[in-house]
Amino acid sequence: MARVIHVFRQPDRFVAGTVGEPGERTFYLQASEDVRTVSVQLEKQQVSVLAERIGALLEEVQRRFHADLPNQTPDALVDTEPLQVPVDEEFRVGTMGLGWDAETEAVVVELLAVTDEELDESVVLDDTEEGPDALRVFLSPAHARAFAERAERVINAGRKPCPLCAEPLDPNGHICPRQNGYRRSEEV
């Protein structure tokens, strides 16, 4: 079966979002251009790493090429809208690639589907006919900053961390390993 590469050169929207309640959320990245929308599922940690690496990439581009890139997300690009529904997952993300296209001055994000076979890294950011399905998105530096900022907000919108162990607090309580399972009773 031929490889499918979904390419978004000028997306109207590229965002991270979730479906479900905190503690049971499923994370998605969604790209939209005109009437076409592609959603891919990934892990919370992958969203976090992607947001962090986009920030690092923009800093490196600024340092190396003396590019005039925005340090803040323009207010017009702040996206607080939910994911477009229905959220139909194209694939689950296994490998992620990130690059800078100097010709178009764009951040290139490539997300590859999980595969059982060992991945040849040459297929990342390449149009070869063999390999896993992919989502490739080109973002202006300002849109890349907006994506990273929203991704951080989405990640931090989950369960609050325990002040002692930093593990997520459940609505039904939390047995903290730092307290050896001990819970204080609320006696008057």
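Trainee: Why is the crossing of α1 and α2 called left-handed?

Mentor: The name is used when the near helix is turned anticlockwise from the far one by less than a right angle. α1 passes α2 in that sense, so the crossing counts as left-handed. Keep in mind that this is a predicted model.

Trainee: At what angle do the axes of the two helices cross, and how near do they come?

Mentor: The axes of α1 (residues 44-65) and α2 (residues 141-156) cross at roughly 145° and come within 9 Å.

Trainee: What makes a residue part of the contact between α1 and α2?

Mentor: Heavy atoms within 4.5 Å make a contact. On the α1 side, the residues that qualify include V47, L50, I54 and L58; on the α2 side, F147, A148, A151 and I155 are among them. By class, the contact has 11 nonpolar, three polar and four charged residues.

Trainee: What makes β1 and β2 edge strands?

Mentor: β1 (5-8) and β2 (13-19) each pair on one side only. They stand at the two ends of the order β1-β7-β6-β5-β4-β3-β2, in an open sheet of seven strands with mixed pairing. The twist averages 30° from one strand to the next.

Trainee: How do you know that β5 and β6 pair?

Mentor: Pairing needs at least two bridges. β5 (residues 89-101) and β6 (residues 106-113) have eight, in the antiparallel sense, so they pass the test. Within that pair, G97 stands opposite E110 in β6.

Trainee: Which strands does each helix touch?

Mentor: α1 packs on the sheet against β2, β3, β4, β5 and β6, its direction making about 15° with that of β5. α2 also packs on the sheet, touching β2, β3, β5, β6 and β7 (134-139), and its direction makes about 5° with that of β2.

Trainee: What makes a residue part of the lining of the largest pocket?

Mentor: A lining residue has an atom within 4 Å of a pocket point. For this pocket, with a volume of about 340 Å³, 18 residues meet that test, and R25, K44, I155, G158 and R159 are the closest to its centre. The lining divides into six nonpolar, five polar and seven charged residues.

Key:
Residues numbered from 1 in each chain as written. Predicted model: local features only at pLDDT ≥ 70, side-chain atom pairs only at ≥ 80, totals over all residues. Heavy atoms only, no water. Axes fitted to C-alpha atoms, helices over the stretch in contact; angles between N-to-C directions. Helix = DSSP H or I, 4+ residues; strand = E, 2+ residues; numbered from the N terminus. Nonpolar A, V, L, I, M, F, W, Y, C, P; charged D, E, K, R; others polar. 1 Å grid on protein atoms, 1.4 Å probe; cavity = no way out; pocket = protein on both sides within 12 Å on 5 of 7 lines; lining within 4 Å. Points joined across faces, edges and corners; volume = space filled by probe spheres on them.
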